[in-house]
Amino acid sequence: MITRGEMTQVRRVCVAAWGGAAVSWELSTPGMLVPSLATCAAFLLLATGCALHIRRGLLAELRRSEEIAGAAQRALLRPLPGRIDGLTLAAAQLSASRGAAVGGDLYEAVPTAHGVRVVIGDVRGHGLPALGAAAAVLGAFREAAYDEPSLGGVLRRMERALGRHVRDRARSEHPSACPAEPESPAAEEFVTVLLLQIAADGALTALNCGHPWPYLLRPVPQHCAAHGRSPAPDPAPHAPTGMEWLDGETLPPLGVVPLPTDPRAHACGELRPGETLFLHTDGAEDARDGAGRFFPLRSVLAQAPLTPARLVAGVHAALLRHTGGRLADDVALLVLRNDRS
């Protein structure tokens, strides 16, 4: 997709090339100087008019591309509601592809009879080529999360959806060479996935397939900690936080090896009132600045406000500052805070 900066550069190059050619031709042709300069001015005016016409066409194309990208983003990553069953949510996605609004990262949260079920994932690769696998996995989650009684059943449905996508893509790219089970670059596609279930009492269960584990942020107001009292369930926006990295058994990413016959989710603590879960893809911690230094995600989280929307915005802004706006991989951020009484 053509960006506004590229469009401006194309226009300037066209005007400069046309004007330079016109001036060189006229000044190198024998004749009166004044008529030659007048002809040069006419050529420059004509070049400017053509450039403006090209600019209008490129602007229209850019607007159409932005509308298509926005529609794709809304269909793939639907805006999350501000609250689900007493949980406050906020999310953001950054694409590493220049000019693209979406990429290979995915997230979703849905209320079910078993609790709030959450997924965050990262497709191998980034940008527009990863959209197909992300759509397949996310679509399977949105359907299975309501139907399957266990997280293991949800994960198996997602694995089957990814397998179908990989086979269909390989056959479409190599129809003559892959009449049956394909062996092609598309067949190597895989997705890291973290499935979480937050029960009504805050109990957390998880299934992790090669994805970074989330951070659990606890409000620790200083005036309460000093007197040994429990913190208030609704922390101040800039309250100091205790931080814990959730951990547990990790399976290989989806698509690398087949899942176990009966993948079982395991308990990984609980999300108490006032506590916050920060989920992310590996593009956040792997982001580097110009000197090759990794993004200090843990330090940023320790100083960020606990309000989910402000937390996402703060990490988002810090990422762009650290990388100078040049991400090497897609990044997805998802924050959930337990505001249940």
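Reply: Two strands count as paired when DSSP finds at least two bridges between them. Strands (E, at least two residues) and helices (H or I, at least four) are themselves DSSP runs, numbered from the N terminus. The model shown here is predicted: local features need pLDDT of at least 70 and side-chain atom pairs count only at pLDDT 80 or more, while totals for chains, interfaces and linings use all residues. Residues are numbered from 1 along each chain as its sequence is written, and side-chain values use heavy atoms, with hydrogens and water left out.

Me: Which strand pairs with E10, and over how many bridges?

Reply: Strand E11 (residues 331-338) pairs with E10 in the antiparallel sense, over 5 bridges. Within that pairing, Phe-278 has Val-335 in E11 as its bridge partner. Strand E7 (residues 215-219) is also joined to E10, by 3 bridges, and these two strands run antiparallel. There, Leu-216 stands opposite Leu-277 in E10.

Me: Is strand E10 enclosed by the rest of the structure or open?

Reply: Start with the terms: a residue is buried under 20% relative accessible area, exposed over 50%, and partly exposed in between (1.4 Å probe, protein chains only). Strand E10 (residues 276-280) has 5 of its 5 residues buried, so the strand is largely enclosed by the rest of the structure. Thr-276, Phe-278 and His-280 point one way from E10, Leu-277 and Leu-279 point the other way, and all are buried.

Me: What is the order of strands in the open sheet?

Reply: The open sheet of 5 strands has the order E3-E4-E5-E6-E9, with antiparallel pairing. E3 and strand E9 (266-270) are the edge strands, each pairing on one side only. On average, neighbouring strands of this sheet are turned by 20° against each other, direction ignored. Such angles are taken between axes, which are lines fitted to C-alpha atoms (for helices over the stretch in contact), and run from 0 to 180 degrees between N-to-C directions. Leu-195 has Leu-207 in E6 as its bridge partner.

Me: How many salt bridges does a search of the whole structure find?

Reply: A salt bridge needs a side-chain nitrogen of Lys or Arg within 4 Å of a carboxyl oxygen of Asp or Glu. The search of the whole structure finds 13. One of them joins the side chains of Arg-78 and Glu-108, at 2.9 Å from N to O. Arg-78 lies in the loop between helix H2 (33-76) and strand E1 (83-84) and Glu-108 in strand E3 (residues 105-112), so this pair ties together parts that are 30 residues apart in sequence. Arg-78 is partly exposed, at 40% relative accessible area, whereas Glu-108 is buried, at 4%.

Me: Which residue meets Arg-157 in a salt bridge?

Reply: The partner is Asp-147, at 3.8 Å from N to O. Arg-157 sits in helix H4 (residues 151-173) and Asp-147 in helix H3 (residues 131-147), and the pair, 10 residues apart, links distant parts of the chain. Arg-264 and Asp-262 form another salt bridge, at 3.1 Å from N to O. Of these residues, Arg-264 is exposed at 65% relative accessibility and Asp-262 is partly exposed at 46%. Salt bridges can also share partners, and in this way Arg-218, Glu-244, Glu-270, Arg-272 and Glu-275 are joined into one network.

Me: Which residues line the largest cavity?

Reply: The general idea is that rolling a probe the size of a water molecule over the atoms shows where empty space is left. A cavity is a set of points, on a 1 Å grid over the protein atoms alone, where a 1.4 Å probe fits but cannot get out, and a lining residue has an atom within 4 Å of a point. Points are joined across faces, edges and corners, and the volume is the space filled by probe spheres set on them. The whole structure has 1 cavity of 30 Å³ or more, and the largest cavity holds about 40 Å³ of space. Its lining is Glu-159, Leu-251, Pro-252, Pro-253, Leu-254, Gly-255, Val-257, Pro-258 and Leu-259. By class, that lining has 7 nonpolar, 1 polar and 1 charged residues. Ala, Val, Leu, Ile, Met, Phe, Trp, Tyr, Cys and Pro count as nonpolar, Asp, Glu, Lys and Arg as charged, and the others, Gly among them, as polar.

Me: Where is Ala-328?

Reply: Ala-328 is in the loop between helix H8 (308-323) and E11, and is exposed, with a relative accessible area of 68%. Ala-328 and Ala-96 are 232 residues apart in sequence, yet 5.7 Å apart in space, C-alpha to C-alpha.

Conventions:
On a 1 Å grid over the protein atoms alone, a cavity is a set of points where a 1.4 Å probe fits but cannot get out, and a pocket is an open set with protein on both sides within 12 Å along at least five of seven lines; lining residues have an atom within 4 Å of a point.
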